[in-house]
Amino acid sequence: MTFPPEDPTLPFGLDAIRAAASVIRNGGIVAVPTETVYGLAADATDAKGVARIYAAKGRPSFNPLIVHVPDLATAQTLAEFDDDALALARAFWPGPLTLVRPLKAGAGIASLVTAGLDTVAIRVPRHRAMQALLMESGRPLAAPSANASGGISPTRSPHVRASLGPDVPVIDDGATEAGLESTIVAGRTILRPGPVTAAMLAQVLGDVEQGPQAPAIVTAPGQLASHYAPRKPLRLNVTHAAADEWLIGFGDVRGQDSLSERGDPVEAAARLFDALHRADAGDRARLAVAPIPDEGIGEAINDRLRRAATR
Ligand code: TXA
Ligand code: MG
């Protein structure tokens, strides 16, 4: 089985995984769902494959990528783990947590993946499709979110197709669960808030630091002030929208759409990018979003919304 050329999308299953593993082993790229967002995967040890990711995304090449591995034991062959990192890995892997760790000498990761840094961002995903592809390909997989650089992250396969065009093979396994990119932690500092919240990290580490919101020196492009941008202007913390605004509601604030009518921030995170895609494609000139409580995963939602609103 190979990906059909006219619409290279296959539903999750053995055929799709075998076809995708073959693409990966031949230095190609495949979009695959994870529990956070759809990723655009290539063999992390194959510089040409990794270059195809940057090319497909139109991504500035100084932005390093996350490496996905099937388990902690494999992660330890690629990077150094101290006690804190081991505790986090044992608590949250497989799952939506990425650890920035010192790269091991001879790990074989293409320098294009780390953008020449001596650290690597690494995670063990939980999603069945990404896990199956890791096992079948037998390679560590570099995978940024499967969208054109700076665009909205994809939580469904049609988002990938719309953003990356007709040629990229996609494994379709429906909507992703978390809907927000993984939390990134370096040491005890949160570089990017995500589904594993500061409170969850603090339960394991005792205390954690919040990274700077938009640092002068960008170590993670998720930190760029403007990122995840819809095409239309976006206004935040809106309870009463103007006539030309598409309001994305939350809780009691009702609009054209809602992140969660019952005011559940986890449901809101899972729906966020989907709602932004719908709003961008909607019939109004401007976008607005209701206030989201800034606690727990709400911090990560507001982080993404601030970037989406910055232009
Ligand atoms: O949920 C996710 O993390 C998704 C799925 C596909 O796994 N991936 C994702 O990748 O969001 P991407 O490339 O869109 O974001 C990777 C982030 C970037 O902000 C990048 O700069 C940061 O990880 N990063 C990668 N390597 C790093 C390193 N060595 N030090 C600091 N940040 C790093
Ligand atoms: Mg991204």
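1. Start with Leu86. Leu86 is buried, at a relative accessible area of 15%. Buried here means under 20% relative accessible area, exposed means over 50%, and partly exposed lies in between (1.4 Å probe, protein chains only). Leu86 sits in helix 4, residues 83-92. Helices (H or I, at least four residues) and strands (E, at least two) are DSSP runs, numbered from the N terminus. Setting aside neighbours within four places in sequence, Leu86 is in contact with Leu72, Gln76 and Phe81. Contact means heavy atoms within 4.5 Å. Leu86 and Leu99 are 13 residues apart in sequence, and their C-alpha atoms are 9.9 Å apart in space.

2. A word on the ground rules. This is a predicted model, where local features need pLDDT of at least 70, side-chain atom pairs count only at pLDDT 80 or more, and totals for chains, interfaces and linings use all residues. Residues are numbered from 1 along each chain as its sequence is written, chains are lettered from A and ligands numbered from 1 in the order in which they are written, and side-chain values use heavy atoms, with hydrogens and water left out.

3. Now the overall layout. The domain assignment gives domain 1 (9-210) and domain 2 (234-309). Such bounds come from an automatic or database domain assignment. In the contact, 19 residues come from domain 1 and 15 residues from domain 2. The C-alpha centres of the two domains lie 26 Å apart.

4. Look at helix 1, residues 14-25. Helix 1 has twelve residues and reaches 16 Å from its first C-alpha to its last, close to the 16 Å expected at 1.5 Å a residue. The expected span is 1.5 Å times one less than the number of residues. Ala16, Ile17, Ala19, Ala20, Ala21 and Ile24 are buried in helix 1. These residues pack against strand 1 (9-11), strand 2 (30-33), strand 3, helix 6 (128-137), strand 7 and strand 8. Just after helix 1, Gly27 has a positive phi of about 80°.

5. Which residues of helix 2 (residues 47-57) are buried? They are Gly49, Val50, Ile53, Tyr54 and Lys57. Seen down the axis of helix 2, they fall within an arc of 150°, so they line one face of the helix. The arc is that of the directions from the helix axis to the C-beta atoms. Lys48 and Ala55 are exposed on the other side of helix 2. The cover over the buried residues includes strand 3 (38-43), helix 5 (111-114), strand 7 (141-142) and helix 7 (157-164).

6. Check both ends of helix 2. Asp46 caps the N-terminal end: a side-chain oxygen lies 2.9 Å from the backbone nitrogen of Lys48. Gly58 follows helix 2, and its phi is positive, near 65°.

7. Helix 9 deserves a look. Its 17 residues (265-281) should span 24 Å at 1.5 Å a residue, and its end C-alpha atoms are 24 Å apart, which agrees. Helix 9 also bends by about 45° at Arg271. The bend at a residue is the angle between axes fitted to the seven residues ending there and the seven starting there. Buried residues of helix 9 include Leu272, Phe273 and Leu276. Among the elements covering its buried residues are helix 7, strand 13 (245-249) and helix 10 (297-309).

8. Beyond its neighbours within four places in sequence, its contacts include Val67, Ala79, Leu99 and Thr114.

9. Thr176 lies in a loop, between strand 8 (170-172) and strand 9 (183-186). At 6% relative accessibility, Thr176 counts as buried. Its side chain reaches the backbone oxygen of Thr36 at 2.9 Å. Beyond its neighbours within four places in sequence, Thr176 is in contact with residues including Pro33, Tyr38 and Thr155.

10. Two backbone details remain. The peptide bond from Trp93 to Pro94 is cis, with omega near -5°. Pro94 lies in the loop between helix 4 and strand 5 (97-102). Asn237 has phi near 55°, a positive value in a residue other than glycine. Asn237 lies in the loop between strand 12 and strand 13. Asn237 is exposed, at a relative accessible area of 54%.

How values were computed
A polar contact is a pair of N or O atoms within 3.5 Å; within protein, one must be able to donate a hydrogen and the other to accept it, and residues adjacent in sequence count only if both atoms are side-chain atoms.
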